[in-house]
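Grab a pencil and have a look at the model below.

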Amino acid sequence: MTPFETVIGLETHIQLNTVTKIFCGCKADSWFDPPNTNICPVCAGQPGALPVLNRAAVARAVLLAAAMHATLNPLSFFDRKNYFYPDLPKGYQITQYDCPVASGGYLDLPLPGGAVRRVNIIKLHLEEDAAKTKNVGYERYIDFNRCGVPLVELVTAPDLRSADEAAQYLIRLRQLLRWLGVSEADMERAQLRCDANVSIRPTGSTELNPKTEIKNVNSIEAVRAAIAHEAERQMREVEAGRRVQPWTLEWDADAGVLRKLRAKETEADYRYFREPDLLPIRLTDAWRDEILSALPELPLERRARFMTQYDLPEYDADILTSERSLSDYFEQAVRAYGGDPKRVSNWLMNDVLRLLNERALTAGQLRLTPAALAEIIRLVDSGAINTSTGKALLEKTEASGEPPAAIVQAEGLARVSDDAAIRAVCAAVLAQNPSEVASYRSGKLTLLGWFVGQVMKQMHGQADPTLARQILEELLRSRL
Ligand SMILES: [Zn+2]
């Protein structure tokens with residue numbers, strides 16, 4: 001059997017999280033609103049209505065382009081893409097064609113084993129969304145709320161080599177979009193949409209073979225599954241001596257199968273021409289600088305810095321930079337703690353992340369501040385409380401918003417390391433269990449652990465176990 005490699009390019013549409021639409025003042029996000037409630041003559045395509053550009057949409061597109069290392073174009077234009085379809089009230093879509101807001105760029109994907117896959121971007125432009133259509137029986141319903149919602153279309157070169165890499169690309173893209181705050185990037189809400197172009201070729205070859213396009217995949221898992229299925233199907237076709245036909249396919253996630261939508265049409269003639277109702281976008285130096293002043297340290301840069309500056313394993317750095325507020329939280333906690341950053345990382349990854357998941361919060365929303373976390377770790381380090389009390393204290397601090405030390409004080413959580421107090425309980429335990437004491441004395445020395453357990457139980461876990469063990473041994477010996 002010939003060894004094949006898969007060649008994948010992804011086309012994504014990203015819904016920018018502006019308050020209003022791209023060319024009118026209608027509310028952009030209609031997810032919770034009834035159909036056709038956020039529309040006006042501009043986005044519904046009434047004759048004579050004129051579009052006005054929303055600068056916030058341009059700013060978000062420019063920020064994203066800069067984060068993807070693209071060249072920002074000082075002058076770009078809007079164009080009309082003409083086609084007739086019920087979801088397009090004007091009969092054309094306003095998009096960018098030959099002079100988009102940015103050109104080039106790439107997104108690097110860290111691969112297992114330290115390698116990096118560079119995915120080049122061949123298209124990045126602004127455009128308006130079309131309406132949403134829904135078929136019910138023989139009727140078609142159209143919701144124009146989505147008309148005019150700002151989108152960035154982002155198309156990669158065929159640089160991805162497996163279904164896993166395609167999934168990685170979407171994970172990293174989603175991470176970047178949220179990190180920059182330009183899109184909520186929720187695939188289930190169609191804020192991030194993906195079509196995949198898939199072909200195969202003998203490994204080592206550089207030619208590009210006929211590809212199929214998979215449409216309407218609305219989760220990262222679905223993208224991975226659909227591409228894996230399609231690559232296998234194409235290999236079976238080629239092994240059987242048939243040619244791969246350039247079909248358009250649809251992924252049915254419930255059935256786990258691909259369906260042929262249509263034979264791929266030749267590129268339609270959209271008769272693009274410059275949009276006459278809008279001025280070009282002039283990205284002046286001053287505006288560009290203002291936008292880029294909001295460009296943060298990027299997730300992969302921060303991930304690399306966490307590994308060198310804090311000496312964290314790749315695994316920790318990856319998780320801690322999965323989301324921006326979590327990575328900020330980590331750094332603030334490390335600063336407040338002043339000790340080993342790995343210790344802060346362990347507390348964050350084991351206990352704080354569980355708290356976040358259970359309560360569906362981001363790190364920035366916690367009442368348990370980074371300083372409070374640092375304080376709890378220091379209380380455990382100093383022996384003032386034991387580890388399990390520390391974990392419980394996390395929850396209590398989050399629930400009450402009180403400083404950890406105050407909770408320890410108020411609830412009497414501090415570990416008892418007072419010799420006399422523990423001694424009294426040890427003596428009582430021995431007095432209450434004469435037959436165990438007799439067994440111990442006749443040589444069953446493993447019972448010592450059981451005695452320690454009894455003391456801890458009576459003192460609600462707050463006794464210093466090392467001290468309790470010493471005192472018990474001493475008392476058992478002395479009575480021999
Ligand atoms: Zn409108």
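**Exercise 1.** What is the order of the strands in the open sheet of three strands, and is the pairing parallel or antiparallel?

*Solution.* Before we start: this is a predicted model, where local features need pLDDT of at least 70, side-chain atom pairs count only at pLDDT 80 or more, and totals for chains, interfaces and linings use all residues. Residues are numbered from 1 along each chain as its sequence is written, and side-chain values use heavy atoms, with hydrogens and water left out.

Step 1: the order is 5-4-16, and the pairing is antiparallel. Strands here are DSSP runs (E, at least two residues), numbered from the N terminus, and two of them pair if DSSP finds at least two bridges between them.

Step 2: strand 5 (92–95) and strand 16 (273–274) are the edge strands, each pairing on one side only.

Step 3: strand 4 (residues 79–82) joins strand 5 over four bridges, and K81 sits opposite Q93 of strand 5.

**Exercise 2.** Why is the arrangement of the four donor atoms around the zinc ion called tetrahedral?

*Solution.* Step 1: find the donors (N, O and S atoms within 2.8 Å of the metal, or 3.2 Å for Na, K and Ca; water is not among the atoms, so sites may look incomplete). They are the SG atoms of C24, C26, C40 and C43, 2.3 to 2.4 Å from the zinc ion.

Step 1: check the angles. They run from 101 to 113°, which makes the arrangement tetrahedral, since four donors count as such if all angles lie between 85 and 135 degrees.

Note on methods: Tetrahedral: all angles 85-135°; square planar, octahedral: opposite > 155°, others 65-115°.
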